[in-house]
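These are my notebook entries on a structure I went through element by element. I set down what I looked up, in the order in which I looked.

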Amino acid sequence: MITLSNLERFYTNASQKTYVLRDLSLKIEEGEFVTIMGPSGAGKSTLLNIIGMLDQPDRGEYHFFDEPVHKLKEKKRQELHKYYMGFVFQAYYLIDELTVYENIETPLLYRKVKRSERQSRIADILDRFQIVAKKDLFPHQLSGGQQQLVGVARAIVGNPKLLLADEPTGNLHSSQGEVIMDLFRQLHRDGMTIVQVTHNEKYAQYGTRVVELEDGFVRQDVAL
Amino acid sequence: MLRNYLKIAFRQLWRNKSFSAINLFGLTLGTACCLYILLYVQHHRSYDRHHAGVENLYRIISDLNLSDDGETMHMATCSPPIAPAMQEDFPEVELAARVCSHPAIEQNLIRHGEKVFYETKGYYVDSTFFRLFDYHFVAGDAPHALDEPFSAVLSAKLARKIFGAEAAIGQTIAIGGASREQDFKVTGVYDHSLGRSHLEPEFFVSMNSGGIGGYVRNNNSWAGNNFIYGYVRLRPGADPQTVEARLPEFLQTHGAEQFAEINIKKVLHLQPVAEIHTNTGLDADQSTNTSSTFLRILLLIAGFIQLVACINFMNLSTARSIRRAREVGIRKAVGAPRAALIGQFLGESFLLTLLAVGLALPLMRLALPLVNNLMGLPEALEWTPGWKGLGFALLLVLATGLIAGSYPAFYLSGFRPAGVLRGLRRASGGSGAEMFRKGLVVSQFTISVVLIIGALIIRQQLNYLLDKDLGFDKEQKIVIPFHDARASEKLETFRSELLRIPEIGAATGMEKAPGQSLVSDIPLYKEGGSMSSAVDIQMTGVDENFFQTLQIDLLAGRSLTRADTAVSYNDLLVVVNEKALEELGYSPEEAPGKVLHSDFENQHITATIVGVMENVHYQTLGAELRPFMVTAGAPADFRNLIADVQTDDYPVLMSKVEALWQKLLPDLPFEFSFLDADIARLYQTERTLSRIVGAFTLMAILISCLGLFGLSVFAAEQRTKEIGIRKVLGASTVGIVQLLSKDYLKLVVLALLLSSPLAYFIMTKWLDHFAYRTGIEWWVFLAAGLAALVVTLLTVSFQSLKAAWSDPVESLRSE
């Protein structure tokens, strides 16, 4: 599904190059649940953003299925991103001005899904996550765990092929974190490909494979 | 999608109340100003657009040269036989009509039963008039209303004034003026519902009713007697230029002899009637027009104010971008294409503009009477929102929304999600955006300072015009008009009895008082010269008390005496001004006793100089001083009496004067005015401009300050941490305020540097329109700059102080 070969990503600061990723190659198959680990500054989030097409590598190749992403135009990349990716963030990143329902609805609007279809899909997901009662609340009226549930709901409401999660449990305490991880496990069993970044050894165990980064290199790649 | 945008736009506005309030307030004020100005401009541009075939309707105007090297006079008028002859001679001319009023009188006396009063704007017109100009007749038959002699057509307002609720048609009224009263039969009543006209008429009477009308009809003067307004309608498709090109030949055919005899050069032009009201600069125009330059200046100011409000929106939106950046990042991460985000942000600005226009419309409507009053408009503007008006308001929404929203929309939607979500500062507006914001603030302040300087200079010029020494004393003088020939017969008696009232120091009778337009002029040449070297001298008749009452100094010779009164109009005794002597080539000392000559239509006129007066400004200071003389006139021709009064209690004095009037002229209404007020009225346009620019300058400053205030709030917010650290390190309150205010002061100084030359350039151009003008002084720029600085400091320091007084522990903890 994902083939990364010889990726490089660097920032130029006062004529000095700072590498975030160097010569990184990685293959991820459909149906995998990959955990990316590593110390701060190892390039985990950058890698995730590149996979999610929110960022581009400075060098190297990225194939998503058969599409050479590194050669695609911005517009086409955005299309791929829109239809294939779901994102979950550490800080939830819900839109403050929108209700739970409207937050979940947003990606469907951008996908131009019809109204009736939107309603049924959102109803399904609210039901599945047991947050029906919260649908008209605004983010600031929810606890962190509830917000992240909404975040996950928003990420998968459009039926993406790939779920990308950047420390999804980083701002949660353990009981809330486990709820989210159980959810991920369930999604994976239902066939979703997942790539998550985490610092938590325990949550890494939910996945099928752990990739450890250090200074922009893959230090270790272990299947569980 | 749209619903989603609207929803989020509403919630954004609601959540950021201060931001929305600042923007909404600014945009509402700006839009209200804009709409008012548009209404004002639209009103003035709508004059005479309603006549059927107005595109082919022209006024015949004349350029006159009275001597070989004299200045060309641009007259709104022409000689009596020209218009009808054009209809005869030119196949292109479909119809012609003449309009005239008696040149010697300002007002007409109207009498019906017990009611007697004066009315301005009455015209003698040819019977074809209503076939050229469209008036909505409330009663009567427009095309034939003036076919009969001694018929009159009244405005609905005048008809109501005379007859009340009674039907006007068929009634008889007496109209008097320079000659004896005549009876006229009312044959029509019209209102102004079709539109306004440059004539601004209150009544019309048929030309073939004797008096001045008869004079016009029997006149065969092709060169002189330029006091007629002639109108022609060309056939559809006829080219006015072709007609104009044949006019010199036409004049020669009819009047070659006359032109040669009195040495007048005359060129006729066709002026489109629709353009008359927005054209100033013609002599002897019927009404005070509003120049299109003035209207364009107003439109420019309207645009400026709206731009200033738009800049607020742009600035505040981009300053707030740090807050919005996260939302942009999220939306992009869930799949929003850039176009959708641009749409969303534009939607927000459109919504805000729509709200602003929605508020501005009723606001303007409510404020209209107040603003009309403030602007000192002679007639109230009214707002009737038709489809056109609403369409225009919608257009304004679109334009404003687009200008205000486009930059924030493109700027915000350009954020890279990976960057903003990680909280990179760079993503929320690099130095480029910062520069752009500063540039916008500078342009706002440049506009404001230009307006301040403009307002100050206009005010100065107005004061200059009002305060300038005119060569006579205009203070504490009352002017009593004698509009009627019968009244004039009693003028001398009235004058001598008036002098018995102790508060009256002196009194003088005259044809035209200072400030009233002079209609008589004679081209005069020196002994041994000819008409080709004649100097055109304006004149008016006065009595022997003229110099003493108005305190005009004589430089040489003597004053006029009662014995000087001309026995015949062909032998005049005159006191000339210095300017006339200068053009004739005499010194004041040698002038007394010299005889001047003029040949006019087989007549020989002589004018003997008995005295020389200083250059009195008898006419508006807007025009260059012209050669002028006074002659001892016959009291029967006098239309004004000026009295010098010394009193603190005008009501008591004026009741005494009125009692005297009632005794002598019991059946004529008494009127009076103050000479200084009459003269101040000459500068009505400048006064209106001064008020408008003043009011809109305040608006622009207010709106700019609102924006600056908003910006300073965000700047202080952004620098909360920096301020906290500085305070922990021991910075004083003053130091922090300085730190935060310094940036804005720099911007204001830059704006001042940019605006000064701009304002200087614009105002020099404006002042060039005046023959007599104040200089532009350096302190004006300093004052404008200081005003801008003080206002800026006051606006910004509020936030700076708040930031400086904040608890550093509090601000650092939040990090």
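**Entry 1: a strand of chain B**

I began with strand β16 (residues 520-526) of chain B, which pairs with β17(B) in the antiparallel sense over 5 bridges. I note at the outset that the model is predicted.

I then looked for another pairing of β17(B) and found strand β22 (residues 628-632) of chain B, joined to β17(B) by 5 bridges and running parallel. Here B:Met539 stands opposite B:Met629 in β22(B).

Next I checked burial. Strand β17 spans residues 535-542 of chain B, and 8 of its 8 residues are buried. I recorded the two faces separately. One side carries B:Val535, B:Ile537, B:Met539 and B:Gly541, and the other carries B:Asp536, B:Gln538, B:Thr540 and B:Val542; both faces are covered.

**Entry 2: a strand of chain A**

I turned to β8 (193-197) of chain A. How many of the residues of β8(A) are buried? The count is 5 of the 5, so I regard β8(A) as largely enclosed by the rest of the structure. A:Thr193, A:Val195 and A:Val197 lie on one side, with A:Ile194 and A:Gln196 on the other.

I looked up two pairings of β8(A). Strand β3 (residues 33-37) of chain A runs parallel to β8(A) and is joined to it by 4 bridges; within this pair, A:Ile36 stands opposite A:Val197. Strand β7 (residues 162-166) of chain A also runs parallel to β8(A), with 5 bridges, and A:Leu164 stands opposite A:Val195.

I compared the length of helix α6 (residues 174-189) of chain A with expectation. Its 16 residues should span 22 Å at 1.5 Å a residue, and the end C-alpha atoms are 22 Å apart, which agrees.

Which residues of α6(A) are buried? I found A:Gly177, A:Ile180, A:Met181 and A:Phe184. Seen down the axis of α6(A), the buried residues fall within an arc of 95°, so they line one face of the helix. I recalled that an α-helix has 3.6 residues a turn, so residues three or four places apart point the same way.

The buried residues of α6(A) pack against α5 (144-156), β8 (193-197) and α7 (201-204) of chain A. On the face turned away from the buried side I found the exposed residues A:Ser175, A:Asp182, A:Gln186 and A:Arg189. Just after α6(A), I noted a positive phi of about 110° at A:Gly191.

**Entry 3: where the chains touch**

I looked up the contact between the chains, which takes 19 residues from chain B and 18 residues from chain A. On the side of chain B that touches chain A, α1 (2-15), α10 and α13 (417-421) of chain B each supply at least two residues. By class, this side of chain B has 11 nonpolar, 3 polar and 5 charged residues.

**Entry 4: one residue in a loop**

Last, I located B:Ala336 in the loop between α10 (321-333) and α11 (338-375) of chain B. Is B:Ala336 buried or exposed? B:Ala336 counts as buried, because it has 24 C-beta neighbours inside 10 Å.

Leaving aside neighbours within four places in sequence, I found B:Ala336 in contact with A:Tyr110, B:Arg331 and B:Leu341. I also looked up B:Ser413, which is 77 residues from B:Ala336 along the chain; their C-alpha atoms are separated by 9.9 Å.

Definitions and conventions:
Residues numbered from 1 in each chain as written. Chains lettered and ligands numbered in written order. Predicted model: local features only at pLDDT ≥ 70, side-chain atom pairs only at ≥ 80, totals over all residues. Buried ≥ 20, exposed ≤ 12 C-beta atoms within 10 Å, placed from the backbone. Contact = placed C-beta atoms within 7 Å. Expected span 1.5 Å × (residues − 1). Arc of directions from axis to C-beta. Nonpolar A, V, L, I, M, F, W, Y, C, P; charged D, E, K, R; others polar. Pairing = 2+ DSSP bridges.
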